[in-house]
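Please look over the sequence and structure below. A short report for a new reader follows them.

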Amino acid sequence: MVSIKAIREANKTIAPKSLTAVFVGATSGIGLGAIEALLQNTTSSTVIIIGRSETKFASTLERLQKLNSSARITFLEAQVSLLKEVERVCSTITSQIESLDLLWLSQGGLNMSAHALTSEGLFESFAISYYSRMLFMQKLTPLLTHSSDARIISILSPSSEGTINTSDFGLEHPTSYTKFWAMQKHGVSMMSLAMKEQALLHPDITFLHTNPGLVATDVHVKWADSMTGLYTPFRYILRWMLIPLMHSLALTPEDAGQVGFYEATNDKFEAGKQGKNFWRLWQDAEDLGEKATEKLKVYESDGTQKKLWEHTLAVFRRVLG
Ligand SMILES: NC(=O)c1ccc[n+]([C@@H]2O[C@H](COP(=O)([O-])OP(=O)(O)OC[C@H]3O[C@@H](n4cnc5c(N)ncnc54)[C@H](OP(=O)(O)O)[C@@H]3O)[C@@H](O)[C@H]2O)c1
């Protein structure tokens with residue numbers, strides 16, 4: 001276990017390193033904390049931030065630029081719940097840089113709204129937190145292979161993997177979405193399996209599936225706000241009682257960002273170190289190792305992991321043509 005203090009100290013030692021990084025889902029919360037950590041600890045880095053609204057992000061962008069005047073920071077607007085938008089913004093990125101050291105993915109959150117499909121026919125929650133992340137990984141792999149130490153970090157919840165509905169991976173049919181927490185666990189398993197499969201295909205790239213633990217961000221407030229109808233009483237309990245309590249015990253987004261940046265840069269997670277290039281990590285950059293891997297082992301050996309990746313590629317073909 002590494003303390004936050006030790007993580008902050010270790011992050012300082014990577015200067016004067018310069019990184020080229022793409023951040024998605026980092027307009028707030030943990031991702032924004034990681035951008036700040038990168039800017040505090042590197043020189044002349046290139047940072048590309050993808051988000052829904054350049055106007056909304058303008059003042060934060062100005063603050064980030066002041067944090068490190070040597071960094072080249074650009075914002076690219078895209079609605080990443082749509083795969084065609086992900087494809088478009090990836091080709092813009094590819095035209096702007098030749099090599100990529102870090103791909104950071106933390107778009108999404110918790111949503112209790114009724115089952116809904118995007119205009120591309122994908123279950124909205126998974127379009128954002130699974131398919132878009134996988135497409136960013138796939139489209140930007142050629143740039144990552146040009147880096148001597150390329151890393152992909154996806155912030156979700158390893159250790160909370162659960163049973164997968166193998167007949168409807170994408171939960172596109174409303175009847176497949178029965179219980180909220182079962183759906184979350186299904187999504188977490190998909191992330192671990194798909195990243196592991198990718199790690200096999202690209203041994204020179206580090207794949208990190210990270211669980212930041214409890215972090216005091218707006219993700220919980222947005223979750224409460226998505227509770228309507230029968231869930232309305234829970235919204236008030238969560239909003240006014242549980243969230244203040246949870247946040248008093250949680251990591252700050254700044255500290256969670258420092259941990260994420262540590263995972264994304266520390267030597268011990270370089271591909272091939274420790275004989276692997278896929279890690280499931282916990283809050284303090286601890287390797288979850290074999291913890292909660294029973295289901296993952298079954299899904300790997302019974303062919304589900306490969307089937308999931310084939311399904312993911314089929315979805316890309318269906319939506320992108
Ligand atoms: N906080 C925790 O305790 C915790 C614990 C475990 C896992 N996580 C996971 O970590 C990830 C990041 O969470 P966070 O705590 O940093 O939350 P956050 O502050 O709410 O950040 C979420 C990010 O995702 C983007 N996003 C949300 N919905 C989107 C949509 N429909 N389309 C495009 N972008 C969207 C947001 O962009 P906008 O600014 O445009 O809304 C923002 O950049 C989430 O997947 C969350 O589930 C969080």
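## Model and confidence

This is a predicted model, in which local features need pLDDT of at least 70, side-chain atom pairs count only at pLDDT 80 or more, and totals for chains, interfaces and linings use all residues. Residues are numbered from 1 along each chain as its sequence is written, and side-chain values use heavy atoms, leaving out hydrogens and water.

The pLDDT is the predictor's confidence in each residue, from 0 to 100. The protein chain averages 96, and 100% of the residues score at least 70. Confidence is lowest in helix α1 (residues 4–12), at a mean of 95. It is highest in β1, at 99. Helices (H or I, at least four residues) and strands (E, at least two) are DSSP runs, numbered from the N terminus.

## Two domains

The protein chain is divided into domain 1 (4–215 + 252–320) and domain 2 (217–250). These bounds come from an automatic or database domain assignment. The C-alpha centres of the two domains lie 25 Å apart. The contact between them (heavy atoms within 4.5 Å) takes 14 residues from domain 1 and eleven residues from domain 2.

## The sheet

Eight strands form an open sheet with mixed pairing. Their order is β3-β2-β1-β4-β5-β6-β7-β8. The edges are β3 (72–77) and β8 (286–287). Each has a single partner strand, so one side of each lacks a neighbour in the sheet. Two strands pair if DSSP finds at least two bridges between them.

Strands β1 and β2 pair in the parallel sense over five bridges. V24 has I50 of β2 as its bridge partner. The chain crosses from β1 through α2 to β2, and this β-α-β crossover is right-handed. That term applies if, with the strands pointing away from the viewer, the path from the first strand over the helix to the second runs clockwise.

Strands β2 and β3 also pair in the parallel sense, over six bridges. Here G51 stands opposite E77 in β3. The chain crosses from β2 through helix α3 (residues 54–67) to β3, again in a right-handed crossover.

Six of the six residues of β2 are buried, so the strand is largely enclosed by the rest of the structure. Buried means under 20% relative accessible area; exposed is over 50%, and partly exposed lies in between (1.4 Å probe, protein chains only). T46, I48 and I50 point one way, while V47, I49 and G51 point the other way.

F23 stands opposite W104.

β4 also pairs with β5 (residues 150–155), parallel, over four bridges. L103 stands opposite I152. The chain crosses from β4 through helix α5 (residues 124–144) to β5, and the crossover is right-handed. Six bridges join β5 to the parallel strand β6 (residues 205–211). R151 has T206 of β6 as its bridge partner.

## T42 in its loop

Where does T42 lie? T42 is in the loop between α2 (29–41) and β2 (46–51). T42 is buried, with a relative accessible area of 5%.

The side chain of T42 reaches the backbone oxygen of L38 at 2.8 Å. It also makes a polar contact with the side chain of S45 (2.8 Å). A polar contact is a pair of N or O atoms within 3.5 Å; within protein, one must be able to donate a hydrogen and the other to accept it, and residues adjacent in sequence count only if both atoms are side-chain atoms. Leaving aside neighbours within four places in sequence, T42 is in contact with I14, K17, L19, N68 and F261.
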